[in-house]
Amino acid sequence: MEKNLYFYEDLMEPNLLNGKEQSLIDDYLNLVRIKFHEWKTNLIESDIKEFTQRQNSPEFDSDNFAKLPGAPILISMVRQQIDVAMKPASYQLLIDVVNECCIMMSEIQQTWINLLESELQRYLNNQEECADEIIIYIVALANDQLGYTDFIGGLLNQFTSSLPEEHIKNINNLFNNLTNGFFNVATNSINTILDIIFNDLKSPFKELHTAKWYKVDTMEVIVLTLKDYTDECNLHLKSYNFYKLMINMLNRFVIAYLESMRNKAVTFRMPHCIDKMRKDIHSISQFFGQYIGAQELTSRLDVINKLHDFLGTSKESVHLGYYSIRKSYGDVPRKYLKYILSKRNDFDPITMMKINKILKDKAAEAGEYNGERTVFSEIVIKDLEKQKPELMKDVREAFHNMQNISLRKGKKKNYLSTINNIFHNRNK
């Protein structure tokens with residue numbers, strides 16, 4: 001039998017919480033912060049020690065993907081605190097706990113970014129001591145970030161189905177920022193791997209288009225080095241990260257190749273060098289074609305092919321070559337184009353002065369470029385100005401020889417003075 005006792009809330013004194021609800025929530029959140037700080041410190045110290053010492057290989061999951069031991073522990077910690085916060089059915093408490101979780105994980109993200117930078121520098125300073133297992137540990141770190149994003153995506157789906165819409169917006173914003181942070185760590189990891197790879201390739205890229213390049217297959221060295229690193233990453237790097245690695249690797253290759261064309265020791269022996277350069281790009285296309293679609297690959301290598309066409313142009317059609325490359329790459333530096341043409345063995349300084357005048361005129365006609373940045377925005381050209389004294393020396397020598405010949409024929413004109421004026425007026 002049921003019986004109504006007719007008690008009313010205003011007759012119940014004192015109240016159970018006596019208006020201290022917010023104070024209790026604040027105390028709980030403060031406890032969560034303290035525990036998060038303790039757990040984060042212990043967890044990250046353990047992972048950092050393993051990441052920096054690298055005494056053993058990292059762990060591998062059932063799919064042979066590398067991983068660090070701290071990731072599942074961190075996920076478990078966050079999961080437990082969120083489960084506890086959901087029990088009282090206080091939406092604000094849940095949002096506050098989620099916010100504390102996001103703060104802690106964001107701090108861990110920044111810790112990893114800083115550590116990647118310091119470990120890269122340590123490797124560059126002492127490669128023999130630091131080389132062991134560094135790539136596979138960075139691969140493991142990149143993989144963990146995708147695991148975190150999957151976890152956050154699962155939480156968001158859970159909240160979307162169980163929380164009122166007005167609270168979802170706040171949590172969605174928190175999770176979006178956190179997810180972007182995980183992708184940022186993964187990107188930094190991939191870029192660090194590429195920094196290591198292309199540091200190893202500095203010497204081969206410096207040899208491209210030099211006297212040594214004509215005697216040996218320098219591009220084969222580059223391809224084999226890329227293959228060795230790629231094979232290791234392909235075994236243990238999750239597919240999303242691996243594809244991003246290959247795309248960024250191709251971009252790095254293109255930039256390194258463009259910069260190699262303006263190295264100090266470069267000499268373009270015409271027309272033989274053009275054929276050899278195209279064979280090099282065919283080799284690199286075969287390598288990247290294993291991992292990147294044909295259309296994407298062709299698009300990203302287009303700038304190199306266009307530069308080869310421009311390099312092989314005749315002095316009579318330089319203006320057409322300039323229009324062609326400027327149409328596709330509006331921010332291509334005129335000084336860069338002038339410099340690579342000056343490295344042709346069949347263009348003397350006087351011819352180059354005429355070509356430079358043509359390039360300057362056509363660049364002025366085309367006007368300032370205000371479109372989207374292209375790969376040329378990544379090319380360093382400021383030190384090209386250092387080559388002016390060398391070019392001036394070549395010009396003086398050429399005209400000195402002309403002057404001697406003319407003087408023997410009785411001509412008294414001061415050719416050196418004339419060319420000095422022309423050089424300073426046209427080479428600006």
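Pro271 sits in the loop that runs between helix H9 (239-260) and helix H10 (272-288). In this predicted model, a cis peptide bond links Met270 to Pro271, with omega at about -5°. Most peptide bonds are trans, and most residues other than glycine have a negative phi.

Arg54 has a positive phi of about 50°, and its place is the loop between helix H1 (21-53) and strand S1 (59-60). His209 has a positive phi of about 70° and lies in the loop between helix H7 (202-207) and helix H8 (218-236). Arg54 is buried, with a relative accessible area of 6%; His209 is buried too, at 0%.

## The two sides of H12

Val318, Gly321, Tyr322, Ile325 and Arg326 are the buried residues listed for H12. They span an arc of only 125° around the axis, so they end up on the same side of H12. An α-helix has 3.6 residues a turn, so residues three or four places apart point the same way.

The buried residues, for their part, pack against helix H11 (294-311), helix H13 (334-342) and H14.

## H12 against H14

Helix H12 (residues 318-328) packs on helix H14 (residues 349-366) at an angle of about 40°, with the axes 10 Å apart. That angle makes H12 oblique to H14, and the crossing is right-handed.

From H12, the contact uses Val318, His319, Tyr322, Tyr323 and Arg326; across from them in H14 are Ile355, Ile358, Leu359, Lys362, Ala363, Glu365 and Ala366. Sorted by class, the contact of H12 with H14 has 8 nonpolar, 1 polar and 3 charged residues.

Conventions: Residues are numbered from 1 along each chain as its sequence is written. This is a predicted model: local features need pLDDT of at least 70, side-chain atom pairs count only at pLDDT 80 or more; totals for chains, interfaces and linings use all residues. Side-chain values use heavy atoms; hydrogens and water are left out. Axes are lines fitted to C-alpha atoms, for helices over the stretch in contact, and angles run from 0 to 180 degrees between N-to-C directions. Helices (H or I, at least four residues) and strands (E, at least two) are DSSP runs, numbered from the N terminus. Angles under 35 degrees count as roughly parallel, over 145 as roughly antiparallel, 65 to 115 as roughly perpendicular and the rest as oblique. A crossing is left-handed if the near helix is turned anticlockwise from the far one by less than a right angle, and right-handed if clockwise. Contact means heavy atoms within 4.5 Å. Ala, Val, Leu, Ile, Met, Phe, Trp, Tyr, Cys and Pro count as nonpolar, Asp, Glu, Lys and Arg as charged, and the others, Gly among them, as polar. Buried means under 20% relative accessible area, exposed over 50%, partly exposed in between (1.4 Å probe, protein chains only). The arc is that of the directions from the helix axis to the C-beta atoms.
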